[in-house]
Amino acid sequence: MSEPRAGVTEPRTLAPPARRVALVSGVERIGAYSVITALDSSGPHDPRPGQFYMLASEDCWGGSADERPYLPRAFSYARARAEDEGVALSFLLEAIGPGTDRLGQLGPDDRLALVGPLGIGFREPTEGSRPLLVGGGIGAAPLLCLQEELDEAAVLLGFRSAAHAQAAALFSGEPQVATDDGSVGTQALVTELLAAELDVDPGATVFACGPPAMLEAVRALCAERDVPAQLALESGMACGFGACFGCVVPTTDGYVRLCLDGPVLDADRLETALVAGAGH
Ligand SMILES: Cc1cc2nc3c(=O)[nH]c(=O)nc-3n(C[C@H](O)[C@H](O)[C@H](O)COP(=O)(O)OP(=O)(O)OC[C@H]3O[C@@H](n4cnc5c(N)ncnc54)[C@H](O)[C@@H]3O)c2cc1C
Ligand code: FES
């Protein structure tokens, strides 16, 4: 993994400028989510966990009654597998609106338009610390490829329901699972699992992705215990490569464009208000 500390001076990702097309090779339903896999034959083969792609279907994107979706949508990649013909990229998505609905309708051999990989992903854990991966809902997506890269990382996941919790099966080993309704695992918030883990051994680096309230709770917990944390944030992204300024977020270093300087930021760079306003 790349080692630099988060900061506006950190080298930014240079993505191929052109949008390209990847052929969908598989679509799998996992409870409340879909996993879409597509073969990217002309893009970089080595995206970093936490980086994202701007996705759209090549056909039937826009042009509906209200012309939505119009802009491509941002997705963290969940897995990347090098193949002879390119890299097979998998995305985990939850249908919540016109863009995710349309992407969820893609089937084998359909054409997925993409730009990426974009942004700066997760960095190395702090030396001597154990990695703790904390995901809420669809925030599990970038933790899948991160788990593959880190040896023996503990994984803590929180979901709304049993249908959402099926995504836990995508992880290797035995992730700890919490659900809001107690239908799977512990009836708790994932941050309660995190607090219990840190009680046992505070020598961790936390990697988290999830909804804003969860990220804020992770930030506060880690700050209180002086545990380093890297948070994968969201903000509305229209371009994904620095042109529109739609994704700016305040940090202790001033405003940054999340698509260029994130989406993963060190928790100690964040203003509390930022975390409350970002996320799924
Ligand atoms: C870096 C990044 C990585 C992402 N990775 C994934 C992923 O792996 N899987 C996945 O399913 N989704 C991911 N998302 C979220 C995804 O981009 C949005 O859910 C998607 O754009 C919604 O599009 P839509 O047309 O379906 O719904 P819309 O109609 O555009 O949105 C539906 C609702 O969600 C809200 N919303 C949409 N996008 C955001 C956002 N970025 N922040 C806060 N609220 C928002 C809207 O205000 C609206 O209320 C990611 C977003 C970012 C910025
Ligand atoms: S999404 Fe356009 S500048 Fe970040």
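A salt bridge joins Arg219 to Glu216, with 2.8 Å between the closest N and O atoms. The model described here is predicted. Both residues belong to helix α5, where Arg219 and Glu216 are three residues apart, about one turn of the helix. An α-helix has 3.6 residues a turn, so residues three or four places apart point the same way. Arg219 has a relative accessibility of 15% and counts as buried, because the cut-off for buried is under 20%. Glu216, at 18%, counts as buried as well.

Helix α5 covers residues 212-225. Its 14 residues, at 1.5 Å a residue, should span 20 Å, and the C-alpha atoms at its ends are 20 Å apart, so the two values agree. Just after the helix, Asp226 adopts a positive phi of about 60°.

In total, the structure contains eleven salt bridges. One of them pairs Glu148 with Arg79, the closest N and O atoms lying 2.8 Å apart. This pair connects distant parts of the chain, since Glu148 is in helix α2 (residues 141-149) and Arg79 is in strand β5 (residues 79-83), 69 residues apart. Glu148 is partly exposed, with a relative accessibility of 41%. A further salt bridge links Arg130 and Glu197, with 2.9 Å between the closest N and O atoms. Here too, distant parts of the chain are linked: Arg130 lies in strand β8 (residues 130-136) and Glu197 in helix α4 (residues 190-200), 67 residues apart. Arg130 is partly exposed, at 22% relative accessible area, whereas Glu197 is buried, at 18%.

Nitrogen atoms of the ligand lie close to the backbone: the distance is 2.8 Å to a polar backbone atom of Leu92, 3.0 Å to a backbone N or O atom of Ser76 and 3.4 Å to one of Ser235. The protein covers 74% of the 880 Å² of accessible area that ligand 1 has on its own.

Gly173 lies in the loop between α3 (162-165) and β10 (176-179). Gly173 is exposed, with a relative accessible area of 65%. The C-alpha atoms of Gly173 and Val155 are 8.8 Å apart, and the two residues are separated by 18 residues along the chain.

Note on methods
Residues numbered from 1 in each chain as written. Chains lettered and ligands numbered in written order. Predicted model: local features only at pLDDT ≥ 70, side-chain atom pairs only at ≥ 80, totals over all residues. Heavy atoms only, no water. Helix = DSSP H or I, 4+ residues; strand = E, 2+ residues; numbered from the N terminus. Expected span 1.5 Å × (residues − 1). Buried < 20%, exposed > 50% of the residue type's maximum accessible area, 1.4 Å probe, protein only. Polar contact = N/O pair within 3.5 Å; in protein donor to acceptor, adjacent residues only side chain to side chain. Areas by Shrake-Rupley, 256 points an atom, 1.4 Å probe, with all protein chains shown as cover. Salt bridge = Lys/Arg side-chain N within 4 Å of Asp/Glu carboxyl O.
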